[in-house]
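Please keep the sequence and the model in view while reading.

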Amino acid sequence: MATIRELARRSGVSVATVSRVFNTPEVVSQHTRQRILDLAAEIGYLPNGSARTLATKKSNMVGLVWDTDHRRPGWRHPFLQEILVALKTALSAHGLNLLMLAGHDAAGPDDGQRYVRAVRQHNLDGAVIIDNGTRDPAVLALVEAQVPCVALDLRVDGPTSTYITSDNAGGAALAVRHLVERGHRRIATITGPLRTWPGAERLVGFRAALAGAGLLLADGHVVEGDFYLDGGHAAMDRLLALDDRPTAVFVAGDEMAVGAMRAVQAAGLRIPDDIAIVGFDDIEVAALIPPGLSTVAQNKPGFGTAAAEALVAMLHGGDDPPKPTVLPTTLVVRGTT
């Protein structure tokens, strides 16, 4: 690969001038700049990324904190994967790349500074946070260090941070009102982990919609789940064992809802005749698994795009971070109701 010295020699200029063309092009005349760029393309010269970072103090790289709990298969969760694709695409449009940060720093002390160290070591421009809801001290340290941060489904508050979330309570209320309109009166819910903001907010919306419809919540009709397939199956088994079994269940995540459907079918019951089910997320499989899962759709690409735009605004904007974004949700009716 051609070196900067070779390009300088062939161009008849100093190494410093070549460096300015790629790092601070506005200080080089247009004629000289274009001549050096044309020759660079001809001989296959590419600027050294590390050296360019040292010169400009910018790496054009964003750290991705994706801590969905290493003990669970969160990396494979379809909802998170769709967000990641949209995030990568939107950042690429602004010339930014993603660097995934390790969730556990085996080489360093567990002092809650592992993400801050990674940001400083790689001179990252900012970070996008997908947390597991535990409010990891290492995640909060990023915010306190005033690294430009955008968090997904996690409230963060700082002079260089903001967050993106869905209307979780409103979406849960949509699901309950739909079930009420279908004639159901004994409605239960399988929640997400209540330590998480989405899990807690969806339960709030569920309770509020039941109360708004004048319905009582029966004992045992709230079962905490974990957003995963097996958790949904186990939670539905508990509901099916009740003497006053519900006729409808709002499940606060589609992957759990698929597990719940399996439990109903394994018990020899029919969906929606014996039990109706509404999920939350509208992952791809929701439309594929028979009889088709009614669900509350989140704007998954919108999460990634909004996070990228908010981060770019902080990197190139004013003193105040963008306001938090709450994305609307919509009801998608399919065969389970």
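Gly 214 is exposed, because its relative accessibility is 62%, and the cut-off for exposed is over 50%. This glycine sits in the loop that links helix 9 (197–212) to strand 7 (222–224). Its C-alpha atom is separated by 9.5 Å from that of Arg 185, although the two residues are 29 residues apart along the chain.

The loop between helix 9 and strand 7 also holds His 221. Is His 221 buried or exposed? His 221 is buried, because its relative accessible area is 2%, and buried means under 20%. Leaving aside neighbours within four places in sequence, the residues in contact with His 221 include Arg 186, Ile 187, Ala 188 and Thr 189. Leu 239, Leu 242, Asp 244 and Pro 246 are also among its contacts.

## The model as a whole

The structure is a predicted model. Its mean pLDDT is 88, and 89% of the residues reach 70 or more. Residues 52–56 have a pLDDT that stays under 50. For this stretch the model has 10 contacts beyond four places in sequence. Where pLDDT is low, the predicted coordinates should not be read in detail.

The protein contains 12 helices and 12 strands. Of its 337 residues, 50% are buried. The accessible surface comes to about 16000 Å², and carbon and sulfur atoms account for 52% of that area. Among contacts with a separation of 6 or more, 69% are made by residues 24 or more positions apart.

In what order do the strands of the open six-stranded sheet stand? The order is 7-6-8-9-10-12, and the pairing is mixed. Strand 7 and strand 12 (330–332) stand at the edges; each has a single partner strand, so one side of each is left without a neighbour in the sheet. From one strand to the next, the twist averages 20 degrees.

| Parallel strands | Bridges | Partner residues |
|---|---|---|
| Strand 6 (residues 187–191) and strand 8 | Four | Ile 190 and Val 251 |
| Strand 8 and strand 9 (residues 276–281) | Three | Phe 250 and Val 278 |

Helix 11 lies across strand 6, strand 8, strand 9 and strand 10. Its direction makes an angle of about 160 degrees with strand 9.

Strand 8 itself spans residues 248–251. In a regular strand the side chains alternate between the two faces of the sheet. Which residues of strand 8 lie on each side? Ala 248 and Phe 250 are on one side, and Val 249 and Val 251 are on the other. All four are buried, and both faces of the strand are covered.

## Cis peptide bonds

Ile 271 and Pro 272 are joined by a cis peptide bond, with omega at about 5 degrees. Pro 272 lies in the loop between helix 11 and strand 9. A cis peptide bond also joins Pro 290 to Pro 291, and here omega is about 10 degrees. The loop that contains Pro 291 runs between strand 9 and strand 10.

Two loop residues other than glycine have a positive phi. For Asn 123 the value is near 55 degrees. This residue belongs to the loop between helix 6 (114–121) and strand 3 (126–130).

For Gln 146, phi is near 60 degrees. Its place is the loop between helix 7 (137–144) and strand 4 (149–152). How accessible is Gln 146, and what class does it therefore receive? Its relative accessible area is 48%, so Gln 146 is partly exposed.

Technical notes: Residues numbered from 1 in each chain as written. Predicted model: local features only at pLDDT ≥ 70, side-chain atom pairs only at ≥ 80, totals over all residues. Heavy atoms only, no water. Buried < 20%, exposed > 50% of the residue type's maximum accessible area, 1.4 Å probe, protein only. Pairing = 2+ DSSP bridges. Contact = heavy atoms within 4.5 Å. Areas by Shrake-Rupley, 256 points an atom, 1.4 Å probe, with all protein chains shown as cover. pLDDT = per-residue confidence, 0-100. Axes fitted to C-alpha atoms, helices over the stretch in contact; angles between N-to-C directions.
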